[in-house]
Amino acid sequence: MRSACVKFLAVSLLAFSAFAASAQEWAKAALEKSPRHREYVPLKQGDRTVQAFVVYPEVSSKAPVIVLIHEIFGLSDWVKLMADELAAKGYIVIAPDMLSGVGPNGGGTDSLGGQDAVTKAVSGLNPDQVLADLDAAADYGKKLPAANGKLYVAGFCWGGGKSFAYATHRHDLSAAFVFYGPPPQTDAMKNITAPVYGFYAGNDARITSTVPATTDGMKAAGKKYEPVVYDGAGHGFMRAGQAPDASEANKKAWDEGFQRMVTIIGHNGSAAAPAPAKPAPASVDRSPALASAEPAMKCHDEAHTTTSEMAVLMKE
């Protein structure tokens, strides 16, 4: 009986690993349909090299730059898809892999071999290194011949908190977009020079409960902070809202959150003019076939079965 149980768990462990590896095939498939130019660029800062995923819009004029900060899941296929979605609206998007050099043989997110290793590595990143990496991405973007000088930062989950923190550090930002991320220390808010726009989930008390105090702190510091809470949505709704099996609340939050962000940038006079007669942007395939292959990815604060947990069970 014990032998059969161990065998079952071993098979389950392998199945879980394969399942997790294909967790965002829908995002990868949608990205591959995009007509936009995408490239990986090594960004040097001191002795460190940061690999960044860069997407260009198909526009006829110079465009603003958005530095996009990934979730605790690293530079995933979904983050790349989000970069492409924003580029479709007329922006140059630079998404640095904050795990560059952390993996085996100097690799990044893709080299770490699984979600547990990635989340652990992201959680352990040095905050000063994160700021330096973001500076490298921002500096690179602003110097691009196709850039118009406008600079934005946006982040999700872990990256949402880093986007807020970056606003306390970088003083040439036109705006910071914080998607369900924690705020910086109150005493650091006085250093913010750009407006901060928050996007929060109604069913995410861990993060959303910080909004009232953050509102008070930003008001006391004389800073612009505009939070919006999307009722019924859960933490990670920008990712979950694009998944083939997205709930109506998460999908609605994605639609409204995405439109809010591009509208704000447009009102700031940063919309680039689209080039004529271009193919329509790629859309996410929400087909049942893809839905059946897509597990529900949880963020770092939610319970999920991990490979390490299975390994412990096998030893019992």
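When I say contact here, I mean heavy atoms within 4.5 Å. Quick caveats: this is a predicted model, where local features need pLDDT of at least 70, side-chain atom pairs count only at pLDDT 80 or more, and totals for chains, interfaces and linings use all residues. Residues are numbered from 1 along each chain as its sequence is written, and side-chain values use heavy atoms, with hydrogens and water left out.

Okay, H3 and H10. On the H3 side you've got Met82, Glu85 and Leu86, and they meet Trp254, Phe258, Met261 and Val262 in H10. Sort those contact residues and you get 6 nonpolar, no polar and 1 charged; Ala, Val, Leu, Ile, Met, Phe, Trp, Tyr, Cys and Pro go in as nonpolar, Asp, Glu, Lys and Arg as charged, and the others, Gly among them, as polar. H3 covers residues 77–87 and H10 residues 248–267, and their axes come within 11 Å, crossing at roughly 50°. Those axes are lines fitted to C-alpha atoms, for helices over the stretch in contact, with angles running from 0 to 180 degrees between N-to-C directions. Helices are DSSP runs of H or I, at least four residues, and strands are runs of E, at least two, numbered from the N terminus.

Now tyrosine 40, over in strand E1, residues 38–45. Beyond its neighbours within four places in sequence, tyrosine 40 touches Ala52, Phe53 and Lys80. With lysine 80, there's a side-chain polar contact of 2.8 Å. By that I mean a pair of N or O atoms within 3.5 Å; within protein, one must be able to donate a hydrogen and the other to accept it, and residues adjacent in sequence count only if both atoms are side-chain atoms.
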